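Colleague: Please pick one loop of this model and go through it closely. Then set it against the other local features that you would check.

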Amino acid sequence: MTELRMPKDFLWGSASAAYQIEGAHKEDGKGTSNWDEFVQIHGKTFKETTGEVAVDHYHRYKEDIALMAEMGLKTYRFSIAWTRIFPNGRGEVNESGLEFYQNIIDECLKHGIEPMVTLYHWDLPQALVGEYGGWESEQVIDDYVNYAVVLFDAFKDKVKYWITMNEQNIFTTLGWMTAQHPPGKFDDEKMYYLVNHHAFLAHAKTVLKFKEMIPDGKIGASFAYSPSYAINADPIHAMSKIDFDNLKNFWWMDVYAYGRYPKNTYRYLEKKGVAPIVTSEDAVLLEAAAKQIDFMGVNYYQTSVTEYNPLDGVGPYGEMNTSGKKGTGEITGIPGLFKNPSNPHLETTDWDWTIDPMGLRYACKEITSRYNLPIIISENGLGAFDNKTEDNQIHDDYRIAYLNAHVYELMKAVDEGCDVWAYCTWSFTDLLSWLNGYQKRYGFVYVDRDEEGGSLDRYKKDSFYWYQDVIQSDGATITEE
Ligand code: BG6
């Protein structure tokens with residue numbers, strides 16, 4: 001047992017995203033999203049899985065939130081499907097969409113669970129893609145703000161914590177560089193940086209609006225942060241670390257926190273002819289918003305190792321492990337800057353994700369030193385194959401070990417002076433993994449479904465009871481190894 005404790009008001013939580021849990025993809029006036037379309041393309045997802053039914057949270061949200069209450073969860077982070085609010089991205093509000101989220105929020109509040117709302121977790125109205133290319137056009141900025149304002153207005157008295165963007169770095173990289181997410185573009189680097197610039201501006205304008213409308217609320221973005229370690233003390237590898245951090249981490253976090261791009265990387269991209277144009281108006285807007293954000297949201301799964309990568313070295317595109325067969329992922333990098341070999345000191349998951357609990361403390365300390373902002377861990381968890389026994393038990397001791405080790409490091413980070421407000425595991429129930437189907441499970445609650453279907457019945461895993469104890473004891477049940 002640890003001597004450490006989390007403060008009484010610490011937000012022990014769990015997270016989800018609309019497309020991955022809701023299902024009901026055409027119900028009650030919902031419009032079509034980019035993901036509804038993308039999953040129809042042959043070969044894009046694992047065994048052609050879709051979120052059409054997902055884990056049917058749309059119809060079972062009461063049961064799911066009752067389970068959260070039984071567990072003692074303090075906060076529930078979920079995202080809103082833009083297409084339920086504006087089926088065509090803008091125009092007339094779909095009242096039944098608003099009502100659905102109103103019900104979720106009320107259900108949470110009824111049980112003393114603080115709702116934490118993500119405005120955008122990757123499901124863009126397809127109508128906006130058809131009209132002007134979605135994130136590729138600056139027109140999306142005002143549509144995004146308009147959508148956000150409707151939600152702020154509807155829920156301002158009930159929701160305190162808001163997240164503008166989920167993992168902008170991931171949805172843009174997979175959407176415009178590796179073609180694995182919509183719109184499925186490959187190596188479109190200039191557009192990739194432009195799309196990111198639009199997303200930054202949408203985030204920034206939204207933050208400013210938010211502060212006008214809900215001055216006491218808290219807002220930030222959630223970033224998929226992979227801290228890095230240089231492979232050794234050779235200066236050329238140390239240089240690869242700073243290049244990696246600038247290009248893969250600070251490019252986003254510096255904009256959220258400072259309102260500007262890292263200079264060295266901007267120069268590098270400018271020389272390549274792919275840097276986004278930043279007007280003086282943009283610069284003023286980004287800076288003004290950066291001064292107003294309340295926290296850095298961090299989705300933490302793994303760290304990276306950096307090593308110098310010669311000009312004729314590995315490129316950015318390689319096989320990604322989406323099957324759960326260990327060792328099938330490939331090493332990638334940016335020629336002339338860095339590559340990311342595996343870490344010989346650490347184990348990996350079946351999907352080749354490095355398991356590094358101490359990296360979570362490292363991430364918190366880096367953010368604290370660099371940005372001096374409070375932190376919300378908006379996602380952390382283990383994707384694994386789970387087995388339900390004949391008598392409906394799920395003995396996920398590996399997940400308990402993973403979460404225990406991460407929470408322990410988080411408690412140490414707090415003890416060492418980091419201001420951490422919340423820890424949301426990914427995820428509460430099992431859900432659809434965008435590219436890995438239903439077999440990669442993250443939840444405390446097992447959902448009886450696979451790629452083909454299932455009863456959708458819920459079963460509590462061993463980790464459910466473990467987290468219940470952690471919450472109840474303010475972390476006293478966490479062990480040190
Ligand atoms: C994050 C996303 O990237 O990681 C989630 O915000 C996602 O939506 C989670 O599901 C786990 O990733 P994966 O690929 O294992 O489902």
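**A loop and its surroundings**

Modeller: Ser427 is located in the loop that runs between strand 12 and strand 13. Helices (H or I, at least four residues) and strands (E, at least two) are DSSP runs, numbered from the N terminus. This is a predicted model, in which local features need pLDDT of at least 70 and side-chain atom pairs count only at pLDDT 80 or more, while totals for chains, interfaces and linings use all residues. Residues are numbered from 1 along each chain as its sequence is written, and side-chain values use heavy atoms, with hydrogens and water left out.

The peptide bond joining Trp426 and Ser427 is cis, with omega about 10°. A cis peptide bond also leads from Pro182 to Pro183, with omega near 10°; Pro183 sits in the loop between helix 8 (168-176) and helix 9 (189-213).

The structure holds 45 aromatic pairs. Trp122 and Trp434 make a tilted pair, 4.8 Å centre to centre with 40° between the planes. Trp434 belongs to the loop between strand 12 (420-426) and strand 13 (445-447) and Trp122 to the loop between strand 3 (114-120) and helix 6 (126-132), so the pair ties together parts that are 312 residues apart in sequence. For such pairs, ring centres of Phe, Tyr and Trp (its six-membered ring) lie within 6.5 Å; planes under 30 degrees apart are stacked, over 60 edge-to-face, and the rest tilted.

Trp122 counts as buried because its relative accessibility is 5%, and Trp434 counts as buried at 9%. Buried means under 20% relative accessible area, exposed over 50%, and partly exposed in between (1.4 Å probe, protein chains only).

An aromatic cluster is made up of Phe10, Trp12, Phe428, Phe444, Phe464, Tyr465, Trp466 and Tyr467.

Backbone angles deserve a check as well. Leu456, which is not a glycine, has a positive phi of about 70°. Leu456 is in the loop between strand 13 and strand 14 (458-460), and its relative accessible area of 10% makes it buried. Asn372, also not a glycine, has a positive phi of about 50°. Asn372 lies in the loop between helix 13 (357-371) and strand 11 (375-379); with a relative accessible area of 64%, Asn372 is exposed.
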